[in-house]
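Subject: Structure handover

Hello,

Here is the structure I promised you. Please open it, then read on for what I found.

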Amino acid sequence: MNFSDLSTLVQERFAVEAVTTGMQPYLIVKADELVDICRFLRSDDRLFFDLLACVTAIDNGPEANTMEMVYNLTSIPYKHDLMLKLMIARQHPDAPDALPNVPSLSSVWRTADWHEREAFDLVGVQFSGHPDLRRILLPLDWEGHPLRRDYKEPERYHGISTK
């Protein structure tokens with residue numbers, strides 16, 4: 001099944017946009033439909049995306065005030081892949097200190113647990129409904145999220161120089 005076939009099946013049920021420019025085509029999805037779309041992609045017998053291979057969080061910086069979530073899915077038995085992209089606000093105007101929030105996919109694919117913890121730890125994206133959202137790479141008391149464009153590395157951590 002090619003990207004055109006996959007996108008047609010998804011577009012019959014959901015409001016997604018297919019992007020075919022660039023090296024890899026992808027579907028743009030909305031946060032409020034993310035879980036339902038992914039359940040459909042996993043459960044539909046024609047698709048059977050049984051593997052969430054990767055979740056990537058990208059900070060586009062304070063000027064753009066956006067972040068991107070990229071989900072790479074694979075159907076092992078059918079040997080097809082699909083990329084989903086989701087754009088979110090980096091900072092909410094009413095809550096400037098709050099982290100951006102995306103629904104967790106851990107109820108759809110167990111591997112989302114670890115991928116989402118990494119995105120939370122390094123980029124600072126919250127995942128609502130995640131069963132155990134805590135740091136996975138950095139110490140629990142680390143301040144900030146190092147892959148954010150405006151991250152300032154502390155000079156010291158527990159008396160140890162970080163530079």
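Leaving aside its neighbours within four places in sequence, which residues is Gly-129 in contact with? They are Ser-104 and Ser-106; contact means heavy atoms within 4.5 Å.

Before the rest, some ground rules. This is a predicted model: local features need pLDDT of at least 70, side-chain atom pairs count only at pLDDT 80 or more, and totals for chains, interfaces and linings use all residues. Residues are numbered from 1 along each chain as its sequence is written, and side-chain values use heavy atoms, without hydrogens or water.

Back to Gly-129. It sits in the loop between β7 (126-128) and β8 (156-157). Strands here are DSSP runs of E with at least two residues, and helices are runs of H or I with at least four, numbered from the N terminus. Gly-129 counts as exposed because its relative accessibility is 70%. The cut-offs are: exposed over 50%, buried under 20%, partly exposed in between (1.4 Å probe, protein chains only).

Now the sheet. Five strands form an open sheet, in the order β1-β2-β5-β4-β3, with mixed pairing. Two strands pair if DSSP finds at least two bridges between them. β1 (17-19) and β3 (51-59) stand at the edges with a single partner strand each, so one side of each has no neighbour in the sheet.

Look at β4 (residues 66-75) and β5 (residues 80-89). They run antiparallel, joined by ten bridges. Met-69 has Leu-86 in β5 as its bridge partner.

Helix α1 (residues 3-11) packs on the sheet and touches β1, β2 (26-28) and β5. Helix α3 (residues 112-123) also packs on the sheet, touching β3 and β4.

Best wishes

Terms used
Axes are lines fitted to C-alpha atoms, for helices over the stretch in contact, and angles run from 0 to 180 degrees between N-to-C directions.
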